[in-house]
Amino acid sequence: GPDVIAMGDLVRWIAKTTGRKPVIVEVPDVAASLPHYTCWAPHKAGATLARATLTVTDLEASLAFYRDLLGFRVAARMDYDTPALRRMFRIPPGATPTLVLLDGEGQPRALGLVAADGLAVDREANRSHAPALVVNIDAIAEVDRRLRAAGTPVVVPPTPLKAFDGRVMGTEAMYLDPDGVRIVLFDVAGGSATEPEPQSKE
């Protein structure tokens with residue numbers, strides 16, 4: 001049969017041979033094999049979190065928070081107007097929604113921001129009742145300094161993060177984003193906010 005070459009190797013070979021980076025057109029079979037499109041690829045079993053998407057009142061302020069202060073990277077920004085999106089995010093009549101997709105470290109399109117003229121966001125409800133987003137970061141002391149310098153509300157200052165058995169795993173803190181969404185930051189030794197399951201007492 002024909003030789004098989006990995007997509008990444010093919011892209012590098014084309015770039016080296018021609019001196020130009022190839023443009024890959026997204027089609028279903030290709031999308032399933034590319035990490036950049038994992039959140040749109042077919043999923044065979046079980047549940048995984050593809051992306052958290054937030055409605056925001058000021059897109060540039062939210063980008064300054066998530067991109068410039070926390071370190072997410074913009075993967076895509078587009079006018080994205082579909083009947084489903086309009087219903088899901090209650091886009092006002094006549095307004096054109098903008099969708100921004102952000103990459104985390106090793107997590108393509110982990111966060112989405114939806115904005116539109118006249119889009120209502122209840123900041124007080126976000127502060128009081130909305131779920132919190134938990135974000136793994138490095139160097140929480142530096143990030144804390146950036147957030148404070150930008151006037152970000154601090155709910156819980158950097159505090160030791162403890163496992164169920166009392167071990168200190170790292171540092172955690174909580175802040176509010178520009179729309180009052182609670183953001184928990186974990187700076188964990190080993191780079192992951194995971195820990196052993198609590199032992200049942202019998």
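Residues are numbered from 1 along each chain as its sequence is written, and side-chain values use heavy atoms, with hydrogens and water left out. As the model is predicted, local features need pLDDT of at least 70 and side-chain atom pairs count only at pLDDT 80 or more, while totals for chains, interfaces and linings use all residues.

Helices (H or I, at least four residues) and strands (E, at least two) are DSSP runs, numbered from the N terminus. Two strands pair if DSSP finds at least two bridges between them. Strand E7 pairs in the antiparallel sense with E6, and E7 also runs antiparallel to E8. The table lists the two pairings.

| Strands | Residues | Bridges |
|---|---|---|
| E6 and E7 | 154-162 and 168-176 | 6 bridges |
| E7 and E8 | E8: 182-188 | 7 bridges |

Leu161 stands opposite Gly170 of E7, and Met174 has Val184 in E8 as its bridge partner. The hairpin of E6 and E7 has 5 residues between the strands, and Gly166 there takes a positive phi near 95°. The hairpin of E7 and E8 has 5 residues between the strands, with Gly180 at a positive phi near 85°.

**Helix H6**

Helix H6 spans residues 140-149, and Ile140, Val143, Asp144 and Leu147 are buried in it (under 20% relative accessible area with a 1.4 Å probe, protein chains only; exposed is over 50% and partly exposed lies in between). Seen down the axis of H6, the buried residues fall within an arc of 105°, so they line one face of the helix; the arc is that of the directions from the helix axis to the C-beta atoms. Arg145 and Ala149, on the other side of H6, are exposed. Helix H3 (59-69), E6, E7 and E8 are among the elements that cover the buried residues of H6. Gly151 follows H6 and has a positive phi, near 80°.

**Nonpolar cores**

A nonpolar core is a set of buried Ala, Val, Leu, Ile, Met, Phe, Trp, Tyr and Cys residues joined through side-chain atoms within 4.5 Å. The largest has 26 residues, and Tyr66, Leu70, Leu113, Ile183 and Leu185 have the most contacts inside it. Elements that each supply at least two residues of this core include H3, H6, E7 and E8. H3 gives the most, with 5 residues.

Apart from its neighbours within four places in sequence, Leu70 is in contact with Phe65, Val143, Leu147, Ile183 and Leu185, contact meaning heavy atoms within 4.5 Å. A second, separate core has 9 residues, including Leu85, Ile91, Ala95 and Leu99.
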